Amino acid sequence: MTDTANLSVERADLLATLDKHRSFLRYTVRGLSDEQAAQRPTASELCLGGLIKHVTRAEEQWARFAEGGAEAMFTEDDGDWAGGFRMEPGDTLAGLLAEYEKVAGRTDELARTLDLDAAHPLPEAPWFEPGASWSVRRALLHIIAETAQHAGHADILREAIDGQKTMG
């Protein structure tokens with residue numbers, strides 16, 4: 001659980017909400033083997049390990065954006081978009097979760113310290129309005145939305161694997 005003592009109500013709310021959705025995602029994969037985490041049990045190409053990998057990468061990119069703008073957002077390691085949704089040879093669920101925790105800790109620190117009103121122009125992409133900027137707050141809200149959306153996907157995949165549900 002993220003420590004929210006001595007933070008503004010807004011920062012505490014952002015961190016608590018992000019922590020809740022991260023917890024749902026982590027809970028969904030508890031007790032799985034690497035083989036189960038790599039299964040694609042639906043018509044989708046998604047697997048649980050791949051969702052952890054994707055959410056980690058997306059959170060890391062948006063945290064870099066919040067800190068340094070669009071030019072800081074992408075690295076050479078971000079090139080294989082489709083591979084970011086798969087467990088590749090050598091990937092383990094434990095390793096993916098450890099990387100997720102590391103990235104989450106960094107994001108939490110930025111959420112505690114960055115000016116939430118600071119804004120950066122978005123990268124040029126067909127899905128962003130040309131010339132638009134996002135504040136640090138908006139980037140954090142996007143990380144929360146991304147995490148929550150994929151936690152829902154993960155719940156469906158887990159139920160298809162062994163009937164386990166995150167909620168209900």
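Visitor: Which helices each supply at least two residues of the lining of the largest cavity?

Guide: Rolling a probe the size of a water molecule over the atoms shows where empty space is left. Here helix 1 (9–28) and helix 6 (136–162) each supply at least two lining residues, and helix 1 gives the most, with three; helices are DSSP runs of H or I, at least four residues, numbered from the N terminus. The lining comprises Leu14, Leu15, Leu18, Ala111, Leu140 and Ile144, that is, six nonpolar residues, no polar and no charged. A cavity is a set of points on a 1 Å grid over the protein atoms alone where a 1.4 Å probe fits but cannot get out, with lining residues having an atom within 4 Å of a point.

Guide: This is a predicted model, in which local features need pLDDT of at least 70 and side-chain atom pairs count only at 80 or more, while totals for chains, interfaces and linings use all residues. Residues are numbered from 1 along each chain, and side-chain values use heavy atoms, without hydrogens and water.

Visitor: Where is Phe85 found, and which residues does Phe85 touch?

Guide: Phe85 is in the loop between helix 4 (70–73) and helix 5 (93–113). Leaving aside residues up to four places away in sequence, Phe85 touches Leu46, Cys47, Gly50 and His54, where contact means heavy atoms within 4.5 Å.

Technical notes:
1 Å grid on protein atoms, 1.4 Å probe; cavity = no way out; pocket = protein on both sides within 12 Å on 5 of 7 lines; lining within 4 Å. Nonpolar A, V, L, I, M, F, W, Y, C, P; charged D, E, K, R; others polar.
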